[in-house]
Amino acid sequence: MKRISFKWILPVVAIPMLMASCNSDEPRPEIQQYVTIDRVGVGELQTRYDASDNFLPTSANDSLCLFIKSSNTNPKYSGNYIKYTCDGSSWTPKTPFPWGGGTAEWTAIYPYKPYKEIDKENCKIQFFINPTNDDNVDLLYAYGTTSKSGLDVKFKHAQAKVRVNIYDKFNYKPDITSVRCSFGNRRSYLTIEPGQEPNWDGEDFSLGEIKKVEPQDGAYATFETYSFPWEHLYGYPCVTINLSHDIDLTGVLTKLESNKIYTFNVIYGGEYAELSDITISAWDVVEGSNTLETEED
């Protein structure tokens with residue numbers, strides 16, 4: 001009987017199987033076809049750590065929020081409000097998020113919090129600033145387009161920092177009980193479109209009383225808060241010391257930009273207060289990356 005050899009038949013069978021595997025848009029765990037966050041850094045910011053500009057929060061509850069829109073039309077490859085949590089060495093979601101191939105636009109917000117959603121479908125979130133509250137958030141953001149499943153996230157500050165330095169030029173040693181800023185927005189709406197600069201839509205509310213911190217730049221006293229960016233301000237912008245001394249900023253302060261620090265240097269003599277100057281600097285250092293405390297040199 002003549003024997004039949006299968007050595008020429010097997011490759012013919014294997015080729016269609018291989019093609020079917022390559023053409024599948026299903027994630028393949030063996031080649032890690034999931035959206036992963038390879039690196040979280042601070043973008044244009046600089047850290048005080050020489051070895052790396054990455055940060056890895058130590059708390060398991062410390063998370064970021066990812067919005068991603070894939071070029072793959074299958075809706076399972078796009079998502080909003082995806083929570084990525086750090087385990088001390090990497091950032092992962094509770095449920096692995098599939099990578100659809102092609103390209104994807106993404107935006108990341110830190111920290112992840114149960115933000116009030118004004119319009120969930122269009123990713124419109126409401127934020128509120130309480131200047132004297134310890135829970136006041138230094139909001140960080142990053143965005144980009146990727147052609148691979150691993151994201152390289154580099155954050156910027158979404159807000160501006162406002163600082164008031166008070167100098168006791170004539171050694172009055174005044175008792176400064178409060179500083180108020182009548183400008184900026186306490187409430188603002190952030191609309192997120194993956195792959196684009198987040199859009200702030202603020203309301204004209206006073207920042208109110210701001211928090212006292214350690215004196216900066218040789219000042220007698222320093223007060224700080226965050227503010228949402230704005231370009232048009234209506235009303236009477238001013239800084240008020242001890243509820244009685246108003247420093248008029250009309251025509252002096254025309255806007256606040258994200259990722260910058262606005263420092264108002266004030267000379268205070270107990271009976272009067274005057275503005276010496278305003279300095280604007282880049283908010284360009286993240287100190288204590290494990291806790292994401294932000295501070296400039």
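**Entry 1: the whole chain**

I started with burial: of the 297 residues of the chain, 44% count as buried. Buried here means under 20% relative accessible area, exposed means over 50%, and partly exposed lies in between, with a 1.4 Å probe and protein chains only. I note that this is a predicted model, where local features need pLDDT of at least 70, side-chain atom pairs count only at pLDDT 80 or more, and totals for chains, interfaces and linings use all residues. Residues are numbered from 1 along each chain as its sequence is written, and side-chain values use heavy atoms, with hydrogens and water left out.

Next I looked up the secondary structure and found one helix and 24 strands in the chain. Helices (H or I, at least four residues) and strands (E, at least two) are DSSP runs, numbered from the N terminus. The chain exposes about 16300 Å², and carbon and sulfur atoms supply 49% of that area; the areas come from the Shrake-Rupley method with a 1.4 Å probe, and for residues only the protein chains shown count as cover.

I also checked contacts, meaning heavy atoms within 4.5 Å. Among those in the chain with a separation of 6 or more, 67% come from residues 24 or more positions apart.

**Entry 2: two open sheets**

For pairing, I used the rule that two strands pair if DSSP finds at least two bridges between them. Five strands form an open sheet with mixed pairing, in the order β17-β18-β12-β21-β22. Its edge strands, β17 (211–213) and β22 (273–282), each pair on one side only. I found that β17 and β18 (residues 221–227) run antiparallel and are joined by three bridges. Here Val213 stands opposite Thr222 in β18.

Another open sheet has four strands in the order β16-β13-β19-β20, with antiparallel pairing. At its edges I found β16 (208–209) and β20 (245–248), each pairing on one side only. Inside it, β13 (residues 179–181) and β19 (residues 238–241) pair in the antiparallel sense over three bridges, and Arg180 has Thr240 in β19 as its bridge partner.

**Entry 3: around β9**

How many of the seven residues of strand β9 are buried? I counted five in this strand (residues 140–146), so described as mostly covered by the definition of buried. Strand β6 (residues 104–110) pairs with β9 in the antiparallel sense over seven bridges. Strand β11 (residues 156–157) runs antiparallel to β9, with two bridges joining them.

**Entry 4: the nonpolar cores**

A nonpolar core is a set of buried Ala, Val, Leu, Ile, Met, Phe, Trp, Tyr and Cys residues joined through side-chain atoms within 4.5 Å. The largest has 24 residues, and Val164, Val179, Phe183 and Val239 have the most contacts inside it. I see that β12 (160–167), β13, β18, β19 and β21 (260–268) each supply at least two residues of this core. Leaving aside neighbours within four places in sequence, Val164 is in contact with residues including Val179, Phe223, Val239 and Phe264. A second, separate core of 21 residues includes Ile68, Ile82, Tyr84 and Trp91.

**Entry 5: Asn72**

Last, I looked up Asn72, in the loop between β3 (63–70) and β4 (79–86). Is Asn72 buried or exposed? Asn72 is buried, because its relative accessible area is 19%. Its side chain reaches the backbone nitrogen of Asn74 at 3.0 Å.

Note on methods:
A polar contact is a pair of N or O atoms within 3.5 Å; within protein, one must be able to donate a hydrogen and the other to accept it, and residues adjacent in sequence count only if both atoms are side-chain atoms.
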